[in-house]
Amino acid sequence: MRSFVAAGVLACLMASSAYAAEFAARYDVKGESPGGGGEYEGVVTVKKTGDATYQVVWTIGPDKFVGTGIGGPDGLAVGYKSGSNTGIAIYSVEKGGVVGGYWTYAGGKQVGTETWTPR
């Protein structure tokens, strides 16, 4: 059963590299940190690095977060790091090319939200 589920997930992630390429762009980002930790704004740049892989860079004020993503027709999953902070995020394309998602720090018990608006 596990191999069937893993194969299904892999097939979904790699099903359409043309669709996945829709994530590659520069966005204005607005978000809220987990647990009501405050709102933030900045810029996110997503570059395609392989068939279904991406480099994702958030610039929030003076802070830079760098991530590696895997994308497919159902969304984009990203692991990221900034200094000693690491975490995960998941995104999907909404109407008008806006990207919405959820994220948390490693070991987190709450999630934050983000909205990426194409520039």
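Reader: Which residues is Thr104 in contact with, leaving aside its neighbours within four places in sequence?
Author: Contact means heavy atoms within 4.5 Å. By that rule, Thr104 touches Tyr80, Gly87, Ile88, Lys109, Gln110 and Val111. This is a predicted model, where local features need pLDDT of at least 70 and side-chain atom pairs pLDDT 80 or more, while totals for chains, interfaces and linings use all residues. Numbering starts from 1 along each chain as its sequence is written, and side-chain values use heavy atoms, with hydrogens and water left out.

Reader: Is Thr104 buried or exposed?
Author: Buried means under 20% relative accessible area, exposed over 50%, and partly exposed in between (1.4 Å probe, protein chains only). Thr104 has 14%, so it is buried. The residue lies in strand β7; helices (H or I, at least four residues) and strands (E, at least two) are DSSP runs, numbered from the N terminus.

Reader: How many salt bridges does the structure hold?
Author: Side chains of opposite charge can pair when their charged atoms come close. The cut-off is a side-chain nitrogen of Lys or Arg within 4 Å of a carboxyl oxygen of Asp or Glu. There is 1 here: Arg119 and Asp28 meet at 2.8 Å, N to O. They sit 91 residues apart, with Arg119 in the segment after β8 (112-118) and Asp28 in strand β1 (residues 25-32). Arg119 is exposed at 56% relative accessible area, whereas Asp28 is partly exposed at 34%.

Reader: What lines the largest pocket?
Author: Rolling a probe the size of a water molecule over the atoms shows where empty space is left. On a 1 Å grid over the protein atoms alone, a pocket is an open set of points where a 1.4 Å probe fits, with protein on both sides within 12 Å along at least five of seven lines; lining residues have an atom within 4 Å of a point. Here the lining includes Trp58, Tyr91, Trp103 and Glu114. At least two lining residues come from each of β3 (53-60), β6 (85-93) and β7 (99-105). The space comes to about 170 Å³, a volume filled by probe spheres set on grid points joined across faces, edges and corners.

Reader: Where does pLDDT stay under 50?
Author: pLDDT is the predictor's confidence in each residue, from 0 to 100. It stays under 50 over residues 1-21, while the protein averages 86. Where pLDDT is low, the predicted coordinates should not be read in detail.
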